[in-house]
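Hi,

Here is the structure for your next look. My notes follow below it.

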Amino acid sequence: MRLLTMSLPVALAMLAAAPAMAGALENMERERAVLIQAFLDPELKPSEREARLETAKRRLVDLERMTLRDEGTTGRNTPVVRRAFSNYDLTFLVHAAVEKNLAVADQWMDQLGLTTQSVMSARHGRRW
Amino acid sequence: MSRLGFSTVFVLGLLAGTAISVARAAENPTWQPAPVERLVKLPASYLKKSLDQDFAQSPLGQAIRSSESEIGLKAQTMADLKNAIGSATGDVGMELRHQFLAEKKAYVSLMSGKNALRKKHLETKARLFERMLDRVGQDKEGASPGRQELIVQQQQARSRFAASLSKVELEVFRTSAAPESRYAAEYGKNMAAIEQLAQAIAAHPMSDAATRDGQPMSRQDAIRGLLGEAQAELALIQQEEAMLGYMAKLVSLDAMALADEAMDVARADSEVPDVANPAGAVSFFVSR
């Protein structure tokens, strides 16, 4: 019992000293999801959407840079890293959009193959 | 009481175990270099010094040093005896020659012991360098095709990013009313400081890359060079062993010669007449 009383604070201190940390890539993915959610959310007014997109975009620029400069991901052959670097245009959305002089939303839709023509020709119905 | 008895037995057992392991270490001194994972990270120019220092502090290194000092003393004794033999005659001379032979035998045995220790050192060193080479090779060439492809993609992504950096800077930050992010502002400042530090590291004398004939060498080349040196020393030790074998042969021949000589002297000094052959006793018969 005494041993348990002594070892418990040590164990707790060790747990506190080693928090589970997400890398720059994981944070970037999360921020990109927020940005996509902002331009897909039908509840938002145009001004709100614009403000949210602007904030998310600025955050995403920093996170994209952190990810690209992160030496820890070099050669880290995990599914997340592999997928992230297999399509620069979709992963590093803001940088790719600026490079091509496109709005971020256009860049994303372009990468997913969503064009005005394809949306207009789409039919509403059950997917089999 | 029984707790006390148990703890006494436990402590005595521990002490006995320690004494046995100390005795074994003294009989069979070893050198355990630092783990390969740590050594491969050292600068190539510092690796040899680090290993030499580590070895000098090991039981094997100490055993070689003490063996060398014993051999030095033995050589001095042999030189003194050789000088004394030159001026000695008769029984004293014979005794000195006998002692000289005994010292020569002890010298060969000490040398052979020292060579066995050196061989152990060099074999450990060679094995270590081989493991280091394997490790460096794994790091460099061991990437699977998937990993290699990923590295290529990452290089391409980084060069594409570097090319678009200023444009993104202008578009996202300069044209916007919002202030530049802390990361963007601090990154450039820190990068300049990092470059200064990197220059200082490159100019530091201890960070000199290993060189051969004035040409910088890769880590693999440097380790291969050290492995070659260890193998060359091992080959020389084999040659020295052959030399010691010849020395031992000469000592045994000298011993046989000395024994023969001692028997001759004993025979010459004998007062008993040689009458084993009848011809030697003829004089007793022909005179009256």
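How many residues does the contact take from chain B and from chain A? Chain B gives 27 residues and chain A gives 29, with contact meaning heavy atoms within 4.5 Å.

First, the ground rules. This is a predicted model, where local features need pLDDT of at least 70 and side-chain atom pairs count only at pLDDT 80 or more, while totals for chains, interfaces and linings use all residues. Residues are numbered from 1 along each chain as its sequence is written, chains are lettered from A and ligands numbered from 1 in the order in which they are written, and side-chain values use heavy atoms, without hydrogens and water.

**Interface of chains B and A**

The buried area is about 2600 Å². That is the accessible area (1.4 Å probe) that the two parts lose on being put together, summed over both. Carbon and sulfur atoms give 55% of it.

Three salt bridges cross the interface (a side-chain nitrogen of Lys or Arg within 4 Å of a carboxyl oxygen of Asp or Glu). B:Arg160 and A:Asp89 form a salt bridge, at 2.6 Å from N to O.

On the side of chain B that touches chain A, helices H6 (145-174) and H7 (182-203) each supply at least two residues. Helices here are DSSP runs (H or I, at least four residues), numbered from the N terminus. H6(B) gives the most, with 18 residues. By class, this side of chain B has 13 nonpolar, seven polar and seven charged residues. Nonpolar covers Ala, Val, Leu, Ile, Met, Phe, Trp, Tyr, Cys and Pro; charged covers Asp, Glu, Lys and Arg; the others, Gly among them, are polar.

**Salt bridges overall**

The count over all chains is 16. A:Arg32 and A:Glu29 meet in one, at 2.4 Å from N to O. These two are three residues apart in helix H2 (residues 24-40) of chain A, so about one helical turn separates them.

**Inside chain B**

B:Ala44, B:Leu47 and B:Lys48 in H3(B) meet B:Ala222, B:Ile223, B:Leu226 and B:Glu229 in H8(B). That contact has five nonpolar, no polar and two charged residues.

Best wishes
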